[in-house]
Amino acid sequence: MPDDERYPLDDAFESDMMLTPIQRQSIERLATPNDARHRKMVSDFRFYWQHGVIPYIVDSSLDLVVSQRLQKAINEWETHTCIRFRPAIDISPENSQVVFKKRNYGCASTVGRVGGRQYANISMFCGVGSIIHELGHIVGFVHEQSRPDRDDYVSILYQNVKTGRRDQFKKYSRKEVETFGIPYDVGSVMHYGSTAFSKKGNLRTIRTNDRQIQMWIGQRDGLSFLDAKLANSVYNCSGCGGSFYGNSGGEIRSPNFPQDYPDNEECYWLIKVGQFCLCHLHHF
């Protein structure tokens with residue numbers, strides 16, 4: 001069982017996500033079928049880190065061993081994506097920055113960029129893989145098994161889930177979750193393990209529909225290919241695609257425009273406009 005599941009935190013959403021009041025309200029409203037405005041955190045432009053750079057501070061409470069694990073986890077993200085963690089230069093509390101602090105048990109972090117100083121709590125029980133998982137939340141990822149298509153790949157065995165923990169397996173509707181065209185990933189570092197929130201600790205709570213890949217879920221060895229692809233798509237690591245936000249006009253060009261689109265080139269654009277604004281696409 002991953003460390004981030006072994007020591008669930010009662011004050012965190014889904015055991016390890018520390019949400020702001022606005023984020024928690026948005027998440028709770030995801031259960032309302034008629035409200036399609038609120039989407040998976042990773043798709044909300046407001047929670048992205050500008051240019052994929054995440055300023056951070058290592059609090060003095062973090063001991064050397066845990067600090068070394070943190071650096072290995074950062075290296076994993078920086079090796080496979082264009083996300084960059086940089087020591088904060090201006091440590092004023094009002095600036096967006098992540099503070100890594102020690103906690104007696106468990107692993108927990110905020111989701112995406114929430115504005116101002118935000119915290120990631122790491123205990124001595126958090127291994128490198130679980131810290132990679134928490135950095136995923138900071139980047140903007142939520143748990144993989146929350147996706148609307150999860151039932152096509154896994155089954156939740158609610159009879160084996162601890163009393164009062166069924167809400168840890170909430171599934172969002174297709175209208176509410178933006179996946180950027182990335183397939184469901186049983187091997188994601190953001191996926192719960194087989195016995196997450198098991199009532200007896202060893203009873204299976206998640207079963208893969210393809211029994212041959214049961215051992216894949218809950219891995220904390222590192223980012224999967226699709227984890228990296230999603231981050232690179234959202235943060236425009238490839239130089240093709242990205243985010244377009246605003247109420248005024250602008251232009252998005254496909255590669256090689258106006259010539260033919262290159263073979264095997266993939267671009268993902270997130271386009272968001274303000275309320276009551278219209279988005280017109282020309283030459284589409």
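The secondary structure comes to 5 helices and 10 strands, where helices are DSSP runs of H or I with at least four residues and strands are runs of E with at least two, numbered from the N terminus. This is a predicted model, in which local features need pLDDT of at least 70 and side-chain atom pairs count only at pLDDT 80 or more, while totals for chains, interfaces and linings use all residues. Residues are numbered from 1 along each chain as its sequence is written, and side-chain values use heavy atoms, with hydrogens and water left out.

Of the 284 residues, 50% are buried; buried means under 20% relative accessible area, exposed over 50%, partly exposed in between, with a 1.4 Å probe and protein chains only. Contact means heavy atoms within 4.5 Å. Among contacts between residues at least 6 apart in sequence, 72% join residues at least 24 apart.

Now the interior. A nonpolar core is a set of buried Ala, Val, Leu, Ile, Met, Phe, Trp, Tyr and Cys residues joined through side-chain atoms within 4.5 Å. The largest one has 34 residues, and W77, F100 and L135 have the most contacts inside it. Two or more residues each come from strand 2 (53-58), helix 3 (64-80), strand 4 (97-102), strand 6 (117-122), helix 4 (128-139) and helix 5 (225-234). Leaving aside residues up to four places away in sequence, L135 touches L70, A73, I74, W77, F85 and F100. A second, separate core has 12 residues, including V186, Y192, A196 and I206.

Next, the rings. There are 8 aromatic pairs; rings of Phe, Tyr and Trp (its six-membered ring) pair if their centres lie within 6.5 Å, and planes under 30 degrees apart count as stacked, over 60 as edge-to-face and the rest as tilted. Y56 and F100 have ring centres 5.9 Å apart and planes at 70°, so this pair is edge-to-face. Y56 sits in strand 2 and F100 in strand 4, 44 residues apart, so the pair links distant parts of the chain. Both residues are buried.

For Y192 and F197, the centres are 5.6 Å apart and the planes at 55°, so that pair is tilted. Y192 and F197 are both buried. Ring pairs also link these two with Y158 and F169 into a cluster.

Last, the surface. The protein exposes about 14800 Å², and carbon and sulfur atoms supply 49% of that; accessible areas come from the Shrake-Rupley method with a 1.4 Å probe, and for residues only the protein chains shown count as cover. F125, in the loop between strand 6 and helix 4, is partly exposed, with a relative accessible area of 35%.
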